[in-house]
Structures are given as C-alpha cells and as structure tokens.
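Let's take a walk through this one, ring by ring and charge by charge. Have the viewer open and follow along.

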Amino acid sequence: MAAGGGEPVLQSKTKSVCVVGGGVAGLAAARELRREGHAVTVMEQSADVGGQWLYDPRTDAEDPLGAAAPVRVPSSIYACLRLISPREAMGFSDFQFFPTDGEGRDPRRFPVHRELHCYLKDFCDAFGLMDAVRLNTRVLRVALTPTSTTATRQWTVRSARLLGTTEDDDDAREEEEEEVFDAVVVATGHYSQPMLPSDIEGMGEWTRGQLHSHSYRTPEPFRGEAVVVVGCAESGKDIALDLCRVAREVHLAASSKATPATPAMSRMLANHGDVLRLHTRIRRLHADGRVEFADGSSVAADTVIYCTGYTYSFPFLDTGGAVTIEDDGYVVGPLFEHVFPPSLAPSLSFVGVARKVLIPWFFELQARWVAQVLSGRRALPAEEEMLRSVEEHLRAREAAGVPRKHTHNIAGIEPEKMYEFGERYSDLAPLEEWKKELLMSSIASMMADVETFRDRADDSESVRKGVQGWRGLAAHAQAKSMIAAVDVEGDGAGHGRVSSSSTD
C-alpha cells in the first residue's frame, strides 16, 4: 500500500532516524523506534533529557515576554508546579510511574514536577536510551536532501553542539555538524514559545513590569506588588495562588470575553478574598500604570503576567511550505491524525502536537505508530486520502462550533477520540477502565476545588481496587529492583550474594 505522496511503504527494517527533542515525546519516540530496530539519534538542546520537565531556574531577563523566537530558555516550568493528572494513569505501558523511595522523590499521586523528571531519567536508564541522546545539541535546520525523490526521501539535519560546560561559560563554543537521515521525528513539544494577546491596547507603551508565564519561576520578585495575571486556565490559577502568598494585590483577569465564574474560582476568591480579585478581560494598559478592564473598571498595577498559552514553533524545519503553522500559531498542518504530513509521510512525522491528552501514554501510541510505519509493519493511506481526512476533521470541528484554535485539542473536545486512536493505530493494550475513571474524577475534582483536589482521596470502589492492584505491582517491581541492586553490589565487591547464573 502506498504511503503519503505515493511513497512506497519502507521495507528495510533499519532506518536512520533523527528525533528532534529529548522530552516526553522524544523519549517515547526513541524507545519505540529502537523497539522496531531503527538506528536512533536524539538531539536535545538542554544539558539533560526531560524537555519541559527539566526545571530551569533561569529566565531570559532581556526578553521576559518571550517575543523573540526561539526563546533562549526552553523550559516553562515554575517552582510550585504539581501534576494535574494522577500518576497511576500516567506511566508508559511497560514502565509504570510507580512511587519510588529516595532523596528528593515525591510519592504522592500528584507529585511536584521534579518527580516526573526523575521518572523520565529512570525510563532512560531502564531501556538504555542515553547512548542515543546528544545533549546540548541545537537543531539548526531540517530539510530534504537535494537528491531526494518521492520514492527515496532523506533529510539533511544541521546541528550545533555546545562544547563548554554551559552556554554561559566564557569558553563555551558550538561545533556545527551536518548529517543525513532516512527519517525525522519532530518532538519538540508546544510549551516553550509564548503566545501573547493581540487585543490588549497599550502593551508597547506600558513602562512597568510585563512577562509571560514562561518567565515565571517563584513569587518572591513580586513581594509587596500589585500584580495582574491574565488568563484563568491551569497556569493562571496556579500562579495567582502562588502570588497570593507574597503580593499586596493579585488581580486575575479573563483572557477572553467570558469571565470564568466556576466553582473552583469561587472557592479561590472565598479563600483569598483579602488579596485576590477577579476581573473581565483587559482592554488597555495605560502609561500611568493603570490597567483598564472591559467593564470600565481599572486598577493600578506594578506587573502584568500573561498566562495566555503557547504557540507551535519549528524554526528549524524547512519543508518548502508542505507543513505550515497557521491561525495565529494554533494549527500545524496539514497533519494526518496530528502526526503525518501527507505529502512527506512517512519520512517526516510529529509526536506531541496533540493537546489535552494523557502523557506519556498518548505519545507512546503515536511513537509506536510512527516506528511501525517506518519499518513497514503498518501502512498509511494514500496522500489524497490523508488530506481528505484532515479536511473532514476541520469541517466536523467547525460544524460543531469548535474554534480553529482547538484543532489539536483531542481529549478536551472529544475524550473518546484519544482512546479510539490507540485502538486504530497501535497494538498497545487499551487503558484500563479504572484509570479512565480516575482521570475523569480527577478533572471533576479540579474543577470543583483547584487548591485541594490533589490531596483528596475520594476514589470509587472500582478505582480503589484498581489502585490496590497497581500498588501491588509497584511493590513487586521495587522488590525486584532491590534484589538486583544487592546482586550487583555483591558481584562488584567479590563477595556477598551468589547470583543464580554463577551456580549453574
């Protein structure tokens, strides 16, 4: 069966594949590609794997709004961030996100961000992925080789590797390299390049503090200030609550016409009414420090923080217009099932474009599909059929009244589509029903009380049974790990336990 653009299904088992990005999506891709026998090179610009989950206390002081592309500091994680999805539902299919003992580890259901980074490091160690990863390596350009044809596409990847300890070292320098790969997987995520509002007047004339949440780390720099936070989604509420501990006033402004008077918001206002205020969207920033809202009211503010989301950005990718970013940065396309550009499939693919999905599980599904298509175990429809599918998806969303900016929002619009994707394109076992129920109940709890939902235990009987079995697996896995560690210690010291293999 022909792949995109008439390209035959690739028959050779081994392909050289460059994965751009070493975060959750990139590591999922690396694992699945290796499982299929491909030769994998992961290029990661930071000094460690983890992507967004590698906390970086630095911010770009010269560009706090993140207006330049690409941003200097990739990570957008702030210090107080805790997960909003339960760990029991978040693991890779064969490497669960079990609680782990050890210094700095967080065994809670909704742990702090560092716990997920530690888990990703454990994942790399368990499957030997680090020998495929090039750290401190920026991808400068990805383009088809001049000799590529429809039947035999290859990609030239030009990268720059940092040779100093850090990019801030005086002696640091970059060494450029150009290589050719049979395929490229773009797995750079979509939480680095800030999206700024276009409907607020006076942003350019505002002389006081302005930053995007991408540059927010801790509340301390805003102690005693009056701060306006723009945006009432997860990060907006998190940062507003974080600021309530030290700021003189916190004004939470809607980023759209609707003011979100949700149960969670009502509880926040009741708990922090001495500091926190809710407003309609901002109409204008005045040079004298006033922030004017759509209802005509105004406040004097020291700083405005924009929690207004992120745009897709692939500044290194040159497809000659085959893949574009449209609708003010909200839409990448055309992408068949949010993964394959029809005219360049399967040699170019994207893992991690989808929004509002369960990670890393959904990225694992995407990555396995990509890997099996590249090895010839699965086939793609013809290019025309894939394009037709993309257009039908857009038309269906439009008919349902879904704004274009939610093109890649899967579970937030149609939750069942996330599970149907796995059934259609992957041989992974379906997500257990108790995990689905746990996810939905966690979302409902968050919408009721964003401050306490992470620490409440109100599981149903079916979820409790599922968690009990899951914890049993965790205990078994931990016991095996301890036995293996003792074996290694004994072998290394020349005494201690005798492994079963030495007695055969």
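Start with the rings: Phe92, Phe95, Phe97, Tyr119, Phe123 and Phe127 are linked into a cluster by ring pairs. A pair here is two rings of Phe, Tyr or Trp (its six-membered ring) with centres within 6.5 Å; planes under 30 degrees apart count as stacked, over 60 as edge-to-face and the rest as tilted. Before going further, keep in mind that this is a predicted model, where local features need pLDDT of at least 70, side-chain atom pairs count only at pLDDT 80 or more, and totals for chains, interfaces and linings use all residues. Residues are numbered from 1 along each chain as its sequence is written, and side-chain values use heavy atoms, with hydrogens and water left out.

Searching the whole structure turns up 22 aromatic pairs. Take Phe95 and Tyr119: their ring centres are 5.5 Å apart and their planes sit at 25°, so this pair is stacked. Phe95 is in the loop between β2 (39–43) and α2 (113–126), Tyr119 is in helix α2, and the pair links these distant parts of the chain, 24 residues apart. (Helices, H or I of at least four residues, and strands, E of at least two, are DSSP runs numbered from the N terminus.) Tyr119 is buried, at a relative accessible area of 3%; buried means under 20%, exposed over 50%, and partly exposed in between, with a 1.4 Å probe and protein chains only.

Now for a tilted example: Phe362 and Phe421 have 5.0 Å from centre to centre and 45° between the planes. Here the partners are 59 residues apart, with Phe362 in helix α5 and Phe421 in helix α7 (residues 415–425). Both Phe362 and Phe421 are buried. Leaving aside neighbours within four places in sequence, Phe362 is also in contact with Ala354, Val357, Ile410 and Met418, besides Phe421; contact means heavy atoms within 4.5 Å.

That brings us to the core. In soluble globular proteins, nonpolar side chains tend to be buried together. A nonpolar core is counted as a set of buried Ala, Val, Leu, Ile, Met, Phe, Trp, Tyr and Cys residues joined through side-chain atoms within 4.5 Å. The largest one has 86 residues, and Leu243 and Phe362 touch the most other members. Helix α5 (residues 361–375) gives this core its largest share, ten residues. There is also a second, separate core of 21 residues, with Val20, Phe181, Val186 and Leu317 among them.

Arg105 forms one with Glu115, with the closest N and O atoms 3.0 Å apart. Arg105 lies in the loop and Glu115 in helix α2, so the pair ties together parts that are ten residues apart in sequence. Are these two buried or exposed? Arg105 is buried at 18% relative accessible area, and Glu115 is buried at 0%. Asp106 and Arg108 also meet in a salt bridge (2.8 Å, N to O); Asp106 counts as buried at 7%, while Arg108 is partly exposed at 35%.

Pro107 lies in this loop as well, but it counts as exposed, at 52% relative accessibility. Leaving aside neighbours within four places in sequence, Pro107 is in contact with Arg87 and Pro99.

Asp449 lies in the loop between α8 and α9 (461–493) and Arg267 in helix α4 (residues 263–271), so the pair ties together parts that are 182 residues apart in sequence. Asp449 counts as buried at 9%, and Arg267 is partly exposed at 45%. Elsewhere, Arg31, Glu32, Arg35, Glu36, Asp94, Arg368, Arg377 and Asp427 are linked in a network of salt bridges.

Finally, zoom out. The chain has nine helices and 21 strands, and 51% of its 504 residues count as buried.

Key:
Salt bridge = Lys/Arg side-chain N within 4 Å of Asp/Glu carboxyl O.
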